[in-house]
Amino acid sequence: MNSPNNTSLYCYPWDVADVDRFVDQARSLGMNGATLAVSYHAGKFLRPHASSGPRVIFPEDGVVYFEPDMARYGDIKPQAHSDPALREVLPKLVANGGVAVHAWTVLLHNSRLGTAHPQYTACNAYGDSYLYSLCPMQQPVFDYAVALSADVAARGVASVVVETPGWLPYAHGYHHEFAQVRSNLWLDSMLGLCFCDACMAAGQAADIDMDGLRQRIRRSIDSYLDAPIDATPTQAAAWLTADLLEDRALAALNRLRQDRVTQLVAAIRASMPPQVQLAVVATVQRPTAQSWIEGTDLHALSKVADWLEIPFYESDAAAVVSDAWDCIRRIGTPDSIRAILRPGPPDLGDGAQLPQALQGLWELGIRHFGFYNYGMLRRDRLQALGAALHSFDRRSTT
């Protein structure tokens, strides 16, 4: 697990359909792995160097890019992509053998399945269903996530990289999100709390006054939306901290959510063959310390998964290094971290500070790196990524 300087290129099936060509290019850039999306949500992606297919692609929402073994699944079942060619990319990439294949598996961010099973989605304090967010407290959702991960793990991959094992935040996940109230950390956190039937029952079983908490959350949101104010980022962060300290039920619910996500990840690990490693994309929050909003406990997850794959998506290298330092502080070691960097816009000075970010992470003891995203980066950014890696390899081995 601790072999030095593992490097992997995040990619989508439609960008690597010519598997042999992709593997040759990836290896020329200094990659020994490919992190391939095998379960994904909707999007709209510009493909700067696409050799075939659309320049702007709209992926099918909430599908898997392989032939699922339907006998594994219960109430919730995956839907395979409609194009057989895209379902063949995973087995072809595994068969090629030129790079280790890491199966990037989006679990609970799925509007297709949420629309089909609204009774299993997250619900806010008002009872509004978030169709893009399957709730892991719901047992059929939990079972689906375990079955999907085990199904993927049986495909000859080196590791399964699970994303969104918890609750999605309010301001992420659906199409054309729009509001005329400014977003802030406090408001998004309050709107992101789930009070579905399963969460209500779990909270009550843990002696949390869920009815009272739901009413307080509603009153707080109502009061804020009715006030002629906008919280600054500093104020919103302070309000959230104060609420967690002053409202024991709120703190207890968040702890309950973290325990559930850890339980799910442990169950996924137990369902997989021992030779297939499990990585967890810890969060979409910046900085990573806010990952508890999604139910992530970094330290606990590091004990039940093989890796935490952490997106250090920051504007400059200094912010990457400081966030990584804090993650190591919380986890206790850099050995289980795989760092994800975006070597182009909008991060790292549009990619110019990639060498400094790599060096800073290396000095902290992080030896494993992923890069997002092959199909979205311009050719010059891919070339710069390769140059940075080759130069970094020479420095790190001297």
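In this predicted model, Arg182 and Asp230 form a salt bridge whose closest N and O atoms lie 2.9 Å apart. The pair joins distant parts of the chain, since Arg182 sits in the loop between strand E9 (159–163) and helix H6 (185–192), while Asp230, 48 residues away, belongs to the loop between H8 and helix H9 (233–246). Arg182 is exposed at 60% relative accessibility, whereas Asp230 is partly exposed at 38%.

| Pair | Closest N and O atoms |
|---|---|
| Arg182 and Asp230 | 2.9 Å |
| Arg87 and Glu67 | 2.6 Å |
| Arg330 and Asp326 | 2.7 Å |

Arg87, in helix H2 (residues 84–87), and Glu67, in the loop between strand E5 (63–64) and H2, are 20 residues apart and also link distant parts of the chain; Arg87 is buried, with 14% relative accessibility, but Glu67 is partly exposed at 39%. Arg330 and Asp326 both lie in helix H12 (residues 317–331), where a spacing of four residues separates them by about one helical turn. Of these two, Asp326 is buried at 11% relative accessible area, and Arg330 is partly exposed at 36%.

Turning to helix packing, H8 (residues 210–226) meets H10 (residues 248–271) at an angle of about 105°, with the axes 10 Å apart, and the two helices are therefore roughly perpendicular. Met210, Leu213, Arg216 and Ile217 of H8 make the contact with Ala249, Leu250 and Leu253 of H10, a set that comprises six nonpolar residues, no polar ones and one charged residue.

Definitions and conventions:
Residues are numbered from 1 along each chain as its sequence is written. This is a predicted model: local features need pLDDT of at least 70, side-chain atom pairs count only at pLDDT 80 or more; totals for chains, interfaces and linings use all residues. Side-chain values use heavy atoms; hydrogens and water are left out. Axes are lines fitted to C-alpha atoms, for helices over the stretch in contact, and angles run from 0 to 180 degrees between N-to-C directions. Angles under 35 degrees count as roughly parallel, over 145 as roughly antiparallel, 65 to 115 as roughly perpendicular and the rest as oblique. Contact means heavy atoms within 4.5 Å. Ala, Val, Leu, Ile, Met, Phe, Trp, Tyr, Cys and Pro count as nonpolar, Asp, Glu, Lys and Arg as charged, and the others, Gly among them, as polar. A salt bridge is a side-chain nitrogen of Lys or Arg within 4 Å of a carboxyl oxygen of Asp or Glu. Buried means under 20% relative accessible area, exposed over 50%, partly exposed in between (1.4 Å probe, protein chains only).
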